[in-house]
Amino acid sequence: MLMQKNQAFEHAEMTSEAIHAGQSLSALFLISTTELVPAGRAICWEGDEAKHLFQVVEGVVRLYRIVGEGRRVITAFQFAGDLIGASLQSDFPFTAEAVTECKIRRVSRKSFHDDVARSDTLHTAYISLLCQETAAAHEQMVLLSKKNAEERLCSFITKLASRRTPQARQGLLRVPMNRQDIADHLGLTIETVSRAITRLASRNVVIPEGRHDLRIVNLACLTQLSGDADDFSDKSCHRVSMH
């Protein structure tokens, strides 16, 4: 019994040290065991009780909901370092599923809430995270309601490119998700996504290389075509309406 108490004390001490050292929400997951999730396997299901929060350590996760007669809507993709379930709702409003083989860590919802409540730094970081998630949701709403197909795809590629690791080859972007995933995220059909990529390639903006790589030839033009650039020059780039 004494040994168990000592182990519990050491565990609590390790937790405190890890949080103090990191002073970030990610530090709350450091002492958790890393779990391996094969591609295609769910981490949590829509409607399940949200007993845990998850951190993506490696890989890519899709968050989706099923609407209507079985139609899938992918609301977001989560990458290494991202947290899943930060809103602390009582039930998960989505299914989280591994796109690639993933490594994740989990913490209980209660321990996460208690740790955040005890630390002003973590509380500030948590509020910041919620604000980022809200901003991302608004951005996705604008993308789906106001942008045409080409702008949606270009926005997706530029956003993905902004997450590239320094080790990535010059101009070559790894796209872990397939075209059906992209279509379900952008509110398009897979045929429209394929045609849009073909059009971008014909204008030497983005060129597919293999099943999961895109070579970005003209990032400035790609950004302009996304509809997010401050200015637009018809001389440097031309829009093509796609529906």
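**Cavity**

I began with the largest cavity, which holds about 50 Å³ of space. A cavity here is a set of points on a 1 Å grid over the protein atoms alone, where a 1.4 Å probe fits but cannot get out. Points are joined across faces, edges and corners, and a volume is the space filled by probe spheres set on them. I found 1 cavity of 30 Å³ or more. I then listed its lining, meaning residues with an atom within 4 Å of a point. Among the lining residues of the largest cavity are Ala50, His52, Leu53, Phe92, Phe94 and Arg109.

**Ground rules**

I noted that the model is predicted: local features need pLDDT of at least 70, side-chain atom pairs count only at pLDDT 80 or more, and totals for chains, interfaces and linings use all residues. Numbering starts from 1 along each chain as its sequence is written, and side-chain values use heavy atoms, with hydrogens and water left out.

**Sheet**

Next I traced the strands (E in DSSP, runs of at least two residues, numbered from the N terminus). Strands pair if DSSP finds at least two bridges between them. I read an open, antiparallel sheet of 4 strands, in the order β2-β7-β4-β5. Its edges are β2 (42–44) and β5, each pairing on one side only. From one strand to the next, the twist averages 35 degrees. I followed β4 (residues 61–67) along β5 and found 7 bridges. Val61 stands opposite Gln78 in β5.

**Helix α5**

Helices are DSSP runs of H or I, at least four residues. I saw α5 lying across β4 and β5, at about 95 degrees to β5. Axes are lines fitted to C-alpha atoms, for helices over the stretch in contact; angles run from 0 to 180 degrees between N-to-C directions. Is α5 enclosed or open? It is largely enclosed by the rest of the structure, because 6 of its 8 residues are buried. Buried means under 20% relative accessible area (1.4 Å probe, protein chains only). Those residues pack against β4, β5, α3 (120–146), α4 and α6.

**Cores**

A nonpolar core is a set of buried Ala, Val, Leu, Ile, Met, Phe, Trp, Tyr and Cys residues joined through side-chain atoms within 4.5 Å. I counted 32 residues in the largest one; Phe77, Phe156 and Met177 are among those touching the most other members. Helix α4 (149–161) is one of the elements supplying at least two residues. The largest share, 7 residues, comes from α4. I checked Phe77 for contacts (heavy atoms within 4.5 Å). Beyond four places in sequence, Phe77 touches residues including Val61, Phe156, Met177, Asp181 and His185.

Terms used:
Buried means under 20% relative accessible area, exposed over 50%, partly exposed in between (1.4 Å probe, protein chains only). On a 1 Å grid over the protein atoms alone, a cavity is a set of points where a 1.4 Å probe fits but cannot get out, and a pocket is an open set with protein on both sides within 12 Å along at least five of seven lines; lining residues have an atom within 4 Å of a point.
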